[in-house]
Amino acid sequence: MEIRVESRSFRDLVVLVPDIFQDSRGFFMETFREDKFRELGLPHNFVQDNHSRSVKGVVRGLHFQWEPPMGKLMRVTQGSAFLVAVDIRKGSPTLGKWVAVEASAENRRQVWAPAGFARGFCVLSDVAEIQYKCTSIYSNKAESGILWSDPEIGIKWPVPAAQAELSEKDKKAQTLAQWLTTPESEYFQY
């Protein structure tokens, strides 16, 4: 079975779609294969899997980790979600630019966003489950976030701000401009 690249953005951000075998009994697909990822020039050493379940209108993010730097391969296994990645790499020609993909259990899209991108999502269906393969172990001492509604980034979220459901932490996140003034921002260079 193949895993094909649907698109590449900002040099390093990749949308993937795995082949599926489907019949009256159900389906089977390979969502990750080390040899296929290596052939595509993508990371293939994942050390942690995360699984999140949220209800419609929930926005999570925009999260990132600098030490150890964490990349994520994100996919939706139930429902649908608007997956977002924002380039936060100093010196990048696409600094502050964003890419969004509607991913669902049906369309099988996966988004690879390396370290140096802040990631988040908005749930579009009544319920959605998002799974992430991570390139490093989570560290609460070296992680942060960018404000989901930062006007300088200008993400076109599919939910009005008044209706978005966020954690207190995400509501109080810093702007990209504030992040770029911190010493930790030096970890993400283009």
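Author: Rings of Phe, Tyr and Trp (its six-membered ring) form an aromatic pair if their centres lie within 6.5 Å; planes under 30 degrees apart count as stacked, over 60 as edge-to-face and the rest as tilted. A search of the whole structure finds 12 such pairs. The model is predicted: local features need pLDDT of at least 70, side-chain atom pairs count only at pLDDT 80 or more, and totals for chains, interfaces and linings use all residues. Residues are numbered from 1 along each chain as its sequence is written, and side-chain values use heavy atoms, with hydrogens and water left out.

Reader: What makes Phe117 count as buried?

Author: Buried means under 20% relative accessible area (exposed is over 50%, partly exposed in between; 1.4 Å probe, protein chains only). Phe117 has 0%, so it is buried.

Reader: How do you know that Glu143 is buried?

Author: Its relative accessible area is 16%, which is under the 20% limit.

Reader: What makes the approach of Glu143 to Lys169 a polar contact?

Author: A polar contact is a pair of N or O atoms within 3.5 Å; within protein, one must be able to donate a hydrogen and the other to accept it, and residues adjacent in sequence count only if both atoms are side-chain atoms. The side chains of Glu143 and Lys169 are joined at 2.8 Å, and the side chains of Glu143 and Tyr138 at 3.3 Å.
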